[in-house]
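Visitor: Hi, could you walk me through this one?
Guide: Happy to, here it is.

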Amino acid sequence: MKVVPIFFPNAGCQYRCVFCNEWMATMKSFPKSVTDEIYKAYKFYHGDENSELALYGGTFTAIENWRDILEKSHKCVKKLGMRGIRLSTRPDEIKDVDFLKANGVVSVEIGAQSMCQDVLNASRRRHTAEDVQKAVKMLKNAGIKVSVHLMTALPKDTKSKSLFSSFEVASLMPNGVRIHPTLVLKNTELEQKYLNGYYVPQSLKEALDWVSDMIAVFLNGKILIERIGMYQDAETLKNVVGGPFHPAFGEMARSMLYRKYLILTEAKRVFGPPRLRSQIIGRNRDLELEFLPSDRIIVEGKAGKIAFDEWLLKYVHSLKEMARCDL
Ligand code: SF4
């Protein structure tokens, strides 16, 4: 499935979250004509019948004339023969799911960011964890797919809280999740906190540790991880002033989880699908393990053969013990 995005940066947002500067994150401005913008994007991204139009940026369902924009977008989508619309919005702004459904919305991306109220408050999110639960249920009941976004290392966040958020989100069984380590963007409140020494961004190493464990929770819950780490091109990267950015962050985080598996099982040899070779041992070359092709991921370790799935189940159980929120 291909995505053809158009952007409404910070549109519909009544408040600014501490970390957010959508204009700088996307380098786009509110479209003058939604219809023209859709046709332009369709051409630019080589849209086809397998593409979804994405209405991204801001809080789409809180834009003053969002219903009008959605109806226009739906007409274009039908004319172009695309398969539907996805949009991103806040959990407390999901109101009329029937209208969404009737106007071609097949998927909604909910910005949850955390399921711990103190983290949400410190990030000026101005919604609750219950809003996320309600939004996911409403959309799922209406037959609309839901993807939930989580961030790590927002103000007041800890590894235990990020894990707690992951378990909470996994229990809602969304169709997918996206995990973004917090980056400090120019012209945000977080940048001021960072410059004044009140916010310390995560190191790359720490972000990989947290996110690899969050991946474990979602893999174990059989929930699709759609994206890990924010995409930045050369232009938008200039607006990142701090934080654990790496262009291959997602690949590195997945490798980190395998690294934990290989080390904790004291692996001597590892079997796995060739397409995962680079994730399993490519970035863990220093462990000097032999890799043999197999359908399943299995290691031969100190305690004999241990399949990744079985190890993951136990590992996630140990993570559950660490997961907690200070309320
Ligand atoms: S609701 Fe979303 S788009 Fe709006 S300020 Fe917060 S993070 Fe940015």
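Visitor: Great, what kind of model is it?
Guide: It is a predicted model, where local features need pLDDT of at least 70, side-chain atom pairs count only at pLDDT 80 or more, and totals for chains, interfaces and linings use all residues. Residues are numbered from 1 along each chain as its sequence is written.

Visitor: Which residues surround the ligand?
Guide: N10, C13, R16, C17, C20, E22, G58, T59, R90 and G111, each with its C-beta atom, placed from the backbone, within 6 Å of it.

Visitor: And by class?
Guide: Three are nonpolar, four polar and three charged. Here Ala, Val, Leu, Ile, Met, Phe, Trp, Tyr, Cys and Pro count as nonpolar, Asp, Glu, Lys and Arg as charged, and the others, Gly among them, as polar.

Visitor: New topic: how is the chain divided into domains?
Guide: Into domain 1 (2–245) and domain 2 (257–320), with bounds from an automatic or database domain assignment. Their C-alpha centres lie 32 Å apart.

Visitor: How many residues are in contact there?
Guide: Nine of domain 1 with eight of domain 2; contact means C-beta atoms, placed from the backbone, within 7 Å. On the domain 1 side, the largest share, seven residues, comes from α9. Helices are DSSP runs (H or I, at least four residues), numbered from the N terminus.

Visitor: At what angle do α2 and α3 pack?
Guide: α2 (residues 34–44) and α3 (residues 66–80) pack at about 35°, with axes 9 Å apart. Axes are lines fitted to C-alpha atoms over the stretch in contact, and angles run from 0 to 180 degrees between N-to-C directions.

Technical notes. Helix = DSSP H or I, 4+ residues; strand = E, 2+ residues; numbered from the N terminus. Contact = placed C-beta atoms within 7 Å.
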